[in-house]
Amino acid sequence: MAGCAAKHHCDGINCLPRLTLPWEGYSRAPVTAARVRTRSELRRQRRQRSHGCWNHLLAAPLWPKHGVNLGTLLRTCDAVGACMAVPRRPWVPDALDHGNTLRHRQCVHWIDGRVDRWLQRQRDGGSAIVGVELTDESIRLADLPVARKRTVIVLGHESTGIPPEGLELLDMAVEIPMVGTGHSLNVAVAGSLVLYKLAGLC
């Protein structure tokens, strides 16, 4: 029984192998209190003005759901130095403002006409087209390399994802592994994770 206790975790009903935790076996260093940077310190460290159009990473929620997530995603674009490409629809400017608490104007590329034709032009011009979608050929987010050339991150509709006319234009699809019960993350969260990975900031 003593040997079992050393190798297993038993609760009286189940007896499971004992897992080795990542921090076990290491000597404990004394923990010092973390100091949180003040707002004035953060202001000095951040840009005083919005970055210009670097035209390297473009988050493209081409089939947005009415009024949802665009402002939050735009804030992430500012954080990683990306631009956003969105279809020119009457409700989109208000959607961009909702959730975006930044005071400076952000870089937005407006798309007139059919978004699949715009996407085709980006591909013909040499841009990499990366879709955030669950497909048989999708690579895991952890395996996504840093963007080495102009890259468009295609995001689909909140409910139905990227439609067939968008999927056929992708150079690569990336999926975000999930261990919970949900099928996918919302567009703003998924797009933010992929943007940080492509920008090389995580």
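Helices (H or I, at least four residues) and strands (E, at least two) are DSSP runs, numbered from the N terminus. This briefing concerns a predicted model, in which local features need pLDDT of at least 70 and side-chain atom pairs count only at pLDDT 80 or more, while totals for chains, interfaces and linings use all residues. Residues are numbered from 1 along each chain as its sequence is written, and side-chain values use heavy atoms, with hydrogens and water left out.

**A helix residue**

- Aspartate 97 lies in helix α4, which spans residues 92-97.
- Aspartate 97 counts as exposed because its relative accessibility is 55% (buried means under 20% relative accessible area, exposed over 50%, and partly exposed in between, with a 1.4 Å probe and protein chains only).
- From C-alpha to C-alpha, aspartate 97 is 8.1 Å from leucine 70, although the two are 27 residues apart in sequence.

**Salt bridges**

- The structure holds 4 salt bridges, each defined as a side-chain nitrogen of Lys or Arg within 4 Å of a carboxyl oxygen of Asp or Glu.
- One of them joins aspartate 116 to arginine 114, with the closest N and O atoms 2.6 Å apart.
- Aspartate 116 is buried, at a relative accessible area of 14%, whereas arginine 114 is partly exposed at 47% relative accessibility.
- Another joins aspartate 171 to arginine 123, with 3.2 Å between the closest N and O atoms.
- Aspartate 171 lies in the loop between α6 (164-167) and β9, and arginine 123 in helix α5 (residues 115-124), so this pair ties together parts that are 48 residues apart in sequence.
- Arginine 140 pairs with aspartate 143, the closest N and O atoms being 3.6 Å apart.

**Enclosed space**

- On a 1 Å grid over the protein atoms alone, a cavity is a set of points where a 1.4 Å probe fits but cannot get out; a pocket is an open set with protein on both sides within 12 Å along at least five of seven lines; lining residues have an atom within 4 Å of a point.
- A volume is the space filled by probe spheres set on the points, which are joined across faces, edges and corners.
- The count is 1 cavity of 30 Å³ or more, and the largest cavity has a volume of about 50 Å³.
- Residues lining the largest cavity include Trp63, Leu70 and Val187.
- The second largest pocket holds about 350 Å³ of space.
- Of the 20 residues that line the second largest pocket, the closest to its centre are Val132, Glu133, Leu134, Ser184 and Leu185.
- The elements giving two or more residues to that lining are β9 and α7.
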